[in-house]
Amino acid sequence: MCGIVGYVGPRPSQDILLAGLARLEYRGYDSAGVAVIDGEGSLGMRKKAGKLAVLRDSLADAPLPDGSTGIGHTRWATHGGPTDGNAHPHLADDDKLALIHNGIIENFSALREELLADGVVFRSETDTEVAAALLGREYAGNGGDLQLAFRSVVNRLEGAFTLLAMHQDHPGLVVGARRNSPLVIGLGEGENFLGSDVAAFIEHTRKALAIGQDQIVSITPDAVSVTDFAGTPVEPEPFDVSWDAAAAEKGGWSSFMAKEVAEQPEAVANTIRGRIQDGQVVIPELDGLDELFVGINRVIITACGTASYAALVGKYAIEQWARVAVDVELAHEFRYRDPVIGADTLVVSISQSGETMDTLMAVKYARERGARTLSVCNTQGATIPRESDAVVYTHAGPEVAVASTKAFSAQITALLLLGLHMGRVRGTVADASVDVAELAALPEKIAKVLESEQEHVTQLAGWMADTRSVLFLGRHVGYPIALEGALKLKEISYIHAEGFAAGELKHGPIALIEPGQPVFVLVPSPRHSALVHSKVVSNIQEIRARGARVIVIAEEGDAAVLPFADEVIHIPLAGAMFEPLLAVVPLQIFAMALATAKGLDVDQPRNLAKSVTVE
Ligand code: M6R
């Protein structure tokens with residue numbers, strides 16, 4: 001949600017800002033704006049409701065005088081609708097100062113009252129304009145010290161925020177701050193950048209600095225300085241960005257989602273790479289951290305959305321291999337109750353972006369309660385890993401489409417690796433060779449599903465373009481995949497979809513079955529458990545008897561399902577814990593093909609943001 005980019009250097013900033021905002025589009029937004037300080041030292045600003053193209057057109061029609069200091073913003077509306085007036089930047093100090101913001105300023109009402117009483121006239125309904133006005137007042141009051149004024153403002157704000165600001169009397173300076181909201185620094189040669197994430201500046205530099213919580217940054221073309229909110233200098237942590245700009249481009253695919261679905265073999269292979277040694281799983285990032293896993297009596301995996309379904313697969317794997325109880329908690333539920341956790345609890349958080357506010361707050365809460373924390377994350381320099389005792393990175397590469405696909409597969413892969421790693425450390429897995437071989441074979445098997453089922457599933461989706469509701473059933477690790485199949489369909493096709501544990505069917509959901517109701521059923525291999533397999537086949541018969549249109553996902557050669565299925569989607573043979581990574585692929589293709597058949601934008605579905613950085 002909300003994309004932020006800042007630039008200072010020798011080049012005209014406007015195109016750099018617009019390109020950076022384009023790379024942040026995936027975060028979700030409904031208006032956009034830029035402000036630049038031109039060579040004469042005057043500030044120009046343009047902001048528009050709608051997509052970046054609207055802003056670009058406006059700038060093309062009536063260009064701003066360009067300058068080499070600028071800030072840009074894409075806004076996902078929270079306080080006030082998506083209008084030109086509510087878009088960022090917001091101006092203050094007689095329009096000489098511009099400020100942009102991501103997050104929510106919780107005490108904005110009180111501050112607004114105070115400023116109104118001071119005679120400030122507001123031009124928007126946003127919480128952000130309050131911060132701009134406050135900064136203007138502080139700046140005017142302290143004789144024109146932007147950094148000092150900015151520090152004073154951030155200390156008055158409550159809630160979550162990334163702020164960037166600049167003033168026309170200080171060309172070549174952009175100041176920024178973050179609290180529970182993302183901001184990273186990009187280091188160039190004679191130029192520097194700020195961005196919500198590295199995508200904002202990846203085409204200019206891959207050298208970056210992470211900014212910690214409650215820190216303030218100032219960038220000029222030649223220098224970067226970081227302090228805490230009290231003004232004490234701090235040393236930001238450097239990191240190299242391993243993604244390249246090409247990885248974040250569509251590269252000839254019809255959509256980012258299509259590209260990302262196709263990239264799953266690589267995402268899984270990259271996540272496994274370097275983590276298998278002598279037939280054992282050894283995760284180098286966890287070297288010397290065995291104490292995280294020994295002496296615990298419980299694991300809680302916390303996440304939101306798709307990541308929470310990966311967590312459910314992780315529960316089965318960690319319990320099986322590491323023999324410790326695992327609960328999965330939605331991060332926003334976990335935090336607002338009074339969970340029984342302490343030093344003997346390991347809280348594992350999962351987040352593609354590493355910035356999801358609900359998950360971040362759950363991690364902080366767990367730490368405050370004394371729990372051990374580990375995150376599984378896809379984004380270097382993100383906040384959640386920095387707030388955790390340890391991190392296992394997924395190496396899915398940049399995921400741009402709002403609907404998560406390759407990150408989900410990489411998350412499950414990382415959790416399987418984690419389960420086997422924990423099993424070795426805890427002495428509950430003596431020989432992992434079979435599972436390690438299964439892991440190593442996954443990329444090729446996923447590629448096979450992509451190749452063999454793409455056309456079949458796309459055709460199926462085409463036939464079902466008018467369907468109003470689709471159900472998904474699964475047992476064991478098939479259950480989270482049923483949930484994920486339903487979520488994918490909902491979020492990009494806007495079709496009612498629900499996933500159920502197949503065993504729940506007779507406890508209610510079977511009432512939904514009427515003739516023609518499409519139901520996807522994930523059938524586990526009979527080689528893993530003849531009993532579970534037979535239960536699912538019984539479930540299929542029950543819905544078939546009531547007229548459901550049954551689409552089965554089953555392993556090659558499973559003849560037991562054939563008499564009861566209208567369609568069969570085959571996946572290669574795999575171990576029980578590894579099947580989800582194969583079974584999810586046809587469901588992703590189905591959702592994507594159905595949305596495409598309905599003429600919808602699969603990359604940027606309505607109302608959704610890629611990275612949910614507000615609660
Ligand atoms: O960045 P995160 O993994 O923390 O995001 C969590 C969810 O917001 C995310 O998985 C969401 O459910 C996706 N849109 C699903 O496709």
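Predicted model: local features only at pLDDT ≥ 70, side-chain atom pairs only at ≥ 80, totals over all residues.
1. The ligand sits in the largest pocket. Two helices, α8 (305-322) and α14 (478-493), are the elements that give two or more residues to the shell around it.

2. Who is in that shell? The ligand has 15 residues around it, and the closest are Ser 351, Gln 352, Ser 353, Thr 356 and Glu 491.

3. Domain 2 (255-431) and domain 3 (446-615) each supply at least three residues to the shell around the ligand. So if you're looking at the site on screen, keep both domains displayed.

4. The side chain of Ser 351 places an N or O atom 2.6 Å from an oxygen atom of the ligand. For Ser 353, a polar side-chain atom is 2.7 Å from a ligand oxygen. Ser 404 uses its backbone instead: an N or O atom there lies 2.8 Å from an oxygen atom of the ligand. As for cover, the ligand taken alone exposes 410 Å², and the protein buries 91% of that.

5. Pro 89 itself belongs to the loop that runs between β4 (69-75) and β5 (90-92).

6. One more backbone point concerns Asp 93. This residue is not a glycine, yet its phi is positive, near 50°. You'll find Asp 93 in the loop between β5 and β6 (97-105).

How values were computed. Residues numbered from 1 in each chain as written. Heavy atoms only, no water. Near = heavy atom within 4 Å. Polar contact = N/O pair within 3.5 Å; in protein donor to acceptor, adjacent residues only side chain to side chain. Areas by Shrake-Rupley, 256 points an atom, 1.4 Å probe, with all protein chains shown as cover. 1 Å grid on protein atoms, 1.4 Å probe; cavity = no way out; pocket = protein on both sides within 12 Å on 5 of 7 lines; lining within 4 Å. Sits in = over half its atoms within 2 Å of the grid points. Helix = DSSP H or I, 4+ residues; strand = E, 2+ residues; numbered from the N terminus. Domains from an automatic or database assignment.
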